[in-house]
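I opened this notebook to keep track of what I looked up, and in what order. The entries go from single residues to the whole chain and back again.

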Amino acid sequence: MPGWDLLLTNARLATMEPGGEAYGAREGAALAVASGRIAWIGPQAEVPQGEAAQIIDLEGRWVTPGLVDCHTHLVYGGDRAAEFELRLTGATYEEIARAGGGILSTVQATRAATEDELYHSALPRARALLAEGVTTLEIKSGYGLALDHELKQLKVARRIGDSLPLEVRTTFLGAHAVPPEFKDRGEDYLQAVLAMLPEVAASGLADAVDAFCETIAFSLEQTRRLLQAARDLGLPIKLHADQLSDSGGAALAAQFGALSADHLEHTNEEGAAAMAKAGTVAVLLPGAFYFLRESKLPPVDLFRRHGVGMALSTDSNPGSSPVTSLLLMLSMGCTFFRLTPEEALAGVTREAARALGLGASHGTLREGKVADLAVWNIERPAELSYRFGFNPLHQLFKAGNEVASQ
Ligand code: NIG
Ligand code: FE
């Protein structure tokens, strides 16, 4: 074992590699790490003789890939508890948005906050995810809606990645809503976002571009122009699509070879088929479905039938999904959306990594991949979806370094 930094013995691995056993399971296994990568996986009985700097006997515990939360709006100012109270007296999410509340109230609070304030308010949310085994996290902008404030959000997102053992991927969501200074001038604001794009790209602060394609936000045609501009700049694409209505967003995302199309409650068969062809991942967000009391389920059967990969994520944000538990999304993904526990776990590992363009390096346990490893006190992988409100994480490794244990 030349140069192994870590050897985990007596492990049961849910590798999440497709094609073999359920969960890509390998029982009675050992896993070795060198230079932050998985160096060797094999049967316990076949561990090569030699030295590893550290050996940990996992006593039969299950190991999964570190979890990936592939769709969050984690950095924002203020909260929307008052809006929640309003909704409980009958106002809808769309009514509140049209009346200038909703996303725009968070925009006001985010613009008023300093970079430090945003950082310190987002940090506990990122820590909560980390404490449940998350090692990779996507964070979108979209509450600044002006270049300096959008960049401020993206900088805070990067800072979270620099200060916590999390791989953070950032997404520019300038086309999230039309800000108050552009009221009733949505097209002018879209032009402003198009003008921001080259600077955002040059800043290196955004790993992808996203937009909210919806009747209360940007039309299909406006979204098309934005995605074209993003693609021309070489930026990968993600899209909030078909959340509240069937706007053809999923098919549009696929047409641009998007990494993912997200929400998708109203996606039709044409959209699902286009996504399958393009390899676009369907990111399902049961937290928003729950919190907005939606009744239209995303077309999981269509995605299965067409072979569209399905990811699950928190959509952590103050308005439609103020949740910071990815494990809870496993439960909701199964109970609301009827995913199998195996699909749900793949949704927060392999498929979520693909939704971030990280499929080659993250999301499964395979030799050569980054050694992001979550060790669980469970008897079978389905327990991760079956329990809710309980965290069975035993130990967490980010690139082979232990970053949490309990
Ligand atoms: O993913 N759909 C648009 N954006 C967010 C909600 C943002 C908000 O309400 O603040 C979402 O649900
Ligand atoms: Fe979202």
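Before anything else I wrote down the cut-off I would need: a residue is buried when its relative accessible area is under 20%, exposed when it is over 50%, and partly exposed in between. I also noted that I am working with a predicted model, not an experimental one.

**Entry 1, histidine 263.** I looked up histidine 263 and found it in strand E11, which covers residues 260–263. Its relative accessibility is 1%, and because buried means under 20%, histidine 263 counts as buried. I then checked its backbone and noted a phi of about 85°, positive although the residue is not a glycine. I kept a reminder beside this value that most residues other than glycine have a negative phi.

Where does leucine 145 lie? I found it in the loop between E7 and helix H5, the helix that takes in 147–163. Leucine 145 has a phi near 55°, which is again a positive value in a residue other than glycine. I also looked up its accessibility, and at 1% leucine 145 counts as buried.

I stepped back to the protein chain and counted 15 helices and 16 strands in it. Its radius of gyration is 21 Å, close to the 22 Å that the globule rule gives for 406 residues, so the chain is as compact as a globular protein of that length. Along the principal axes, I noted that the C-alpha trace spans about 70 × 45 × 45 Å. Of the 406 residues, 59% count as buried, and the accessible surface comes to about 15,400 Å², with 51% of that surface belonging to carbon and sulfur atoms. For contacts between residues at least 6 apart in sequence, I wrote down that 71% join residues at least 24 apart. I looked up the charges last, and the mean positions of the 35 positive and 50 negative charges are 1 Å apart.

Is lysine 140 buried or exposed? I found that its relative accessibility is 1%, so lysine 140 counts as buried. It is found in strand E7, residues 134–140. I then looked for polar partners of its side chain, and one is the side chain of glutamate 138, at 2.8 Å. The side chain of aspartate 210 is also in polar contact with that of lysine 140, at 2.8 Å. Setting aside neighbours within four places in sequence, I listed the contacts of lysine 140, among them His71, His73, Thr171, Asp210 and Lys238.

I moved to strand E9, residues 208–213, where cysteine 213 has its place. Cysteine 213 counts as buried, at 1% relative accessibility. Beyond its neighbours within four places in sequence, cysteine 213 is in contact with several residues, including Phe218, Leu239, His240, Asp242 and Gly249.

I found alanine 32 in strand E2, residues 25–34, and with a relative accessibility of 0% it counts as buried. Its contacts, apart from neighbours within four places in sequence, include Trp4, Leu6, Arg37 and Trp40.

I looked up glycine 90 in the loop between helix H1 (81–88) and helix H2 (93–98). Glycine 90 counts as exposed, at 55% relative accessibility, and between glycine 90 and threonine 106, 16 residues apart in sequence, I noted 21 Å from C-alpha to C-alpha. Threonine 340 has its place in the loop between helix H12 (326–335) and helix H13 (341–347). At 36% relative accessibility, threonine 340 counts as partly exposed. Not counting residues up to four places away in sequence, threonine 340 touches Arg304 and Cys334. Its C-alpha is 9.5 Å from that of leucine 330, which is 10 residues away in sequence.

Note on methods
Residues are numbered from 1 along each chain as its sequence is written. Chains are lettered from A and ligands numbered from 1 in the order in which they are written. This is a predicted model: local features need pLDDT of at least 70, side-chain atom pairs count only at pLDDT 80 or more; totals for chains, interfaces and linings use all residues. Side-chain values use heavy atoms; hydrogens and water are left out. Helices (H or I, at least four residues) and strands (E, at least two) are DSSP runs, numbered from the N terminus. The radius of gyration is taken over C-alpha atoms; the globule rule is 2.2 Å times the number of residues to the power 0.38. Buried means under 20% relative accessible area, exposed over 50%, partly exposed in between (1.4 Å probe, protein chains only). Contact means heavy atoms within 4.5 Å. Accessible areas come from the Shrake-Rupley method with a 1.4 Å probe; for residues, only the protein chains shown count as cover. Lys and Arg count as positive and Asp and Glu as negative; His and the chain ends are not counted. The place of a charge is taken as NZ of Lys, CZ of Arg, CG of Asp or CD of Glu. A polar contact is a pair of N or O atoms within 3.5 Å; within protein, one must be able to donate a hydrogen and the other to accept it, and residues adjacent in sequence count only if both atoms are side-chain atoms.
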